[in-house]
Amino acid sequence: MATASSASPPHDLESATSYSPIPGDPPAEAQPRTKKLLATILFTCFFLLSLILLIIKQEPDPQPKLNEDSYQSPSTPTYSFSPARPLAEPPSRGVEQGVSEKAFRRVSGGNLSFAWTNVMLSWQKTAYHFQPEKNWMNDPDGPLYYNGWYHLFYQYNPDSAVWGNITWGHAVSRDLIHWLHLPYAMVPDQWYDINGVWTGSATILPDGRIIMLYTGDTYDVVQVQCLAYPANLSDPLLLEWVKDPNNPVLVPPPGIGLKDFRDPTTAWLSPDGDKWRITIGSKVDKTGISLVYETKDFIKYELLDGYLHQVPGTGMWECIDFYPVSLTEENGLDTSANGPGIKHVLKASLDDDKNDYYALGTYDPIKNKWTPDDPDLDVGIGLRYDYGKYYASKTFYDQNKQRRILWGWIRETDAEELDLLKGWACVQSIPRTVVFDQKTGSNILQWPVEEVESLRSDSFEFNDVRLGPGSVVPLAVDSASELDIVASFEVHKETVDEATAEADTGYDCPTSGGAANRGILGPFGIVVLADDTLSELTPIYFYIAKGTNGKAVTHFCADELRSSKAADVDKIVYGSKVPLLQHEKLSIRSLVDHSIVESFAQGGRTVITSRVYPTKAIGRAARVFLFNNATGLSVTASVKIWKMDSADIRPFPFDQL
């Protein structure tokens, strides 16, 4: 096929020609020039700094002005739940290299405003979510199942609890819950990935070979695609990885920015079955695009005409994922599956707003086009995997149990200084299965893998609890920091039908003001990570909004506004609408694991991941409640709660082999 068409990226001055990579290491003469330039820069900076200090010393101390942001009148009220307003912005991390911002800048920088203790910070570390022993982690990479082991690779900084020096961490598990840390799989040690071994995907070929494609950030900060594979396929741990001598195997094509070409997907077979295809995210101006390449050997590639898909106004597409789902079966499908009874999910992580969007559609491999079922719910403007803090996700087909498994990165939402004090930052979500929702026909269902239930221990049941308007009911569960909660709520249809329409029909979780704001038909749900006096609490709830047209729309929300006394953490309300069918009870499942709460509504139609950092509702002081803050609705609730054991996550015992 031709490599250019009317739909290909336009010719522009900034990227008029494709990147020409250096065939080997950078030229030797480049090093002395770099050192000489560095010395000149350092001398100039020192001279300018000395001059600035001399000028400052001669000027009187400035007086605060009423129009300065840093000035606060003595009469200005302060609120203990308002976000911190630091004195200085933290350094940006990742943007100069062309990836999404990795520093959480909304509450970071300057001096901490809360007196954190070691007990509070130690409590935040999870008990059964995957995370390294220390330091920074972000995107999941190349997950796969091989010879009895689940493998997870991930972006990792071996040196600090902030983003940088990105290396591939590696861990293995028999069950996706208990993990053993292995030596690093790949480190940034070649000219084509010296600035980072970034996100990649695995493909298992029919003959058993494993292909790993990943994005490398070159010494001159260009995003290129690289090939690696296991050195020894007889080793089930896949300890040794070889970078192909032909790297980089792909460079940015003409018209694509040198920093806008990353995150190759798992490959799928072409219609004739003799070639493989991958897609890579990019953008043209503000249009997010999905480029498709075809290859026989994963070394030489052809760029196919046009795009797999594009959506104007969505910006850079990162971490694209593309996979089939069955319309009739509960099992997952191999990535190459296509034909009758199959839809394809296209997902993109939007660099602009740091959320993962997906859409269902039809894939035509002959035309190299994917078409969304509903243009109003297209990628980047419609459905999201998760309406909380969840990004850079990646799926893989688990041939061991014929299911598709989804991983996602859960970042921190506290001040960067706190992460450095803790010595770690970020975790992975509990792996989720993904299937097509056969009842609604318009979304997928996500659900925690069944293996997590092996951690359940003591259980508590509370059946037919009647919740009148304005009621809060404590549940007798102590030490509620590690829980699996399943709750259902029965609302009488007659009550909803007879309820008066509310004037404000545009209810939206993020702008609603949280669970404290009462409506006729909501909010009602559960409260987790609360203290006895409810001075700290995180409500997970439903809100039924009835419009003037008489139709009721159900929303699923997670309210962090009062989750912590500290101002050094982000506290907002997450959520969205959730499809509800006639005669269905409302249901919530929440996995509480210290500073993380993953909540699933209606069997996983809508999902919210929350990061919360309480200061009082920790350890034995953490409590669970049922509540109904509606003004015109009574609800009957039934709840079953399991305490959760900790997962066994530790270094691999090589000394015991």
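Is lysine 343 buried or exposed? Lysine 343 is buried, its relative accessible area being 18%. The cut-off for buried is under 20%, so lysine 343 makes it into that class at 18%. Keep in mind that this is a predicted model. Here are my notes.

1. **The salt bridge of lysine 343.** Lysine 343 pairs with aspartate 373, and the closest N and O atoms are 3.0 Å apart. The lysine belongs to strand β15, whereas aspartate 373 is in the loop between β17 (369-372) and β18 (383-384), so this contact ties together parts 30 residues apart in sequence. Aspartate 373 has 40% relative accessibility and therefore counts as partly exposed.

2. The model holds 31 salt bridges. One of them joins aspartate 351 to arginine 262, with 3.5 Å between the closest N and O atoms. Aspartate 351 is in the loop between β15 (342-350) and β16 (355-364), and arginine 262 is in the loop between β8 (241-243) and β9 (268-269), so parts of the chain 89 residues apart get tied together. Aspartate 351 and arginine 262 are both buried.

3. **A salt bridge inside a helix.** What does aspartate 419 form a salt bridge with? The partner is lysine 422, and their closest N and O atoms are 3.4 Å apart. Both residues sit in helix α3 (residues 416-422), with a spacing of three residues, or about one turn of the helix. Aspartate 419 counts as buried at 5% relative accessibility, and lysine 422 is buried too, with a relative accessible area of 14%.

4. **A charged network.** Salt bridges also link up into a network, made of Asp398, Lys401, Arg403, Glu450 and Glu451.

5. **Aromatic pairs.** Searching the whole structure turns up 30 aromatic pairs. Take tyrosine 154 and tyrosine 156: the ring centres are 5.9 Å apart and the planes meet at 80°, so this one is edge-to-face. Both of these tyrosines are buried. Tryptophan 179 and tryptophan 407 are also edge-to-face, at 5.6 Å centre to centre with 65° between the planes. That tryptophan pair links distant parts of the chain, since tryptophan 179 is in strand β4 (residues 179-186) and tryptophan 407 is in strand β20 (residues 403-410), 228 residues apart. Tryptophan 179 is buried with a relative accessible area of 1%, and tryptophan 407 counts as buried at 1% relative accessibility.

6. **Arginines over rings.** Arginine 456 lies over the face of tryptophan 642, 3.6 Å from the ring centre. Arginine 384 lies over the face of tyrosine 357, at 6.0 Å from the ring centre.

7. **Strand β29.** How many residues of strand β29 (residues 538-546) are buried? The count is nine of its nine residues. Both faces are covered: one side carries Thr538, Ile540, Phe542, Ile544 and Lys546, the other Pro539, Tyr541, Tyr543 and Ala545, and all are buried. Note that a lysine, Lys546, is on that list.

8. **Neighbours of β29.** Strand β28 (residues 524-530) pairs with β29 in the antiparallel sense over five bridges, and isoleucine 526 has isoleucine 540 as its bridge partner in β29. Strand β30 (residues 552-559) also runs antiparallel to β29, joined to it by seven bridges. Here phenylalanine 542 stands opposite phenylalanine 556 in β30. The hairpin of β29 and β30 has five residues between the strands, and in it glycine 550 takes a positive phi near 85°.

9. **A six-stranded sheet.** An open sheet of six strands runs in the order β25-β36-β27-β32-β33-β34, with antiparallel pairing. At its edges are β25 (456-467) and β34 (606-611), each of which pairs on one side only. From one strand to the next, the twist averages 15°.

Terms used: Residues numbered from 1 in each chain as written. Predicted model: local features only at pLDDT ≥ 70, side-chain atom pairs only at ≥ 80, totals over all residues. Heavy atoms only, no water. Buried < 20%, exposed > 50% of the residue type's maximum accessible area, 1.4 Å probe, protein only. Helix = DSSP H or I, 4+ residues; strand = E, 2+ residues; numbered from the N terminus. Pairing = 2+ DSSP bridges. Phe/Tyr/Trp six-rings, centres within 6.5 Å; stacked < 30°, edge-to-face > 60°. Lys NZ or Arg CZ within 6 Å of the ring centre and 35° of its normal. Salt bridge = Lys/Arg side-chain N within 4 Å of Asp/Glu carboxyl O. Axes fitted to C-alpha atoms, helices over the stretch in contact; angles between N-to-C directions.
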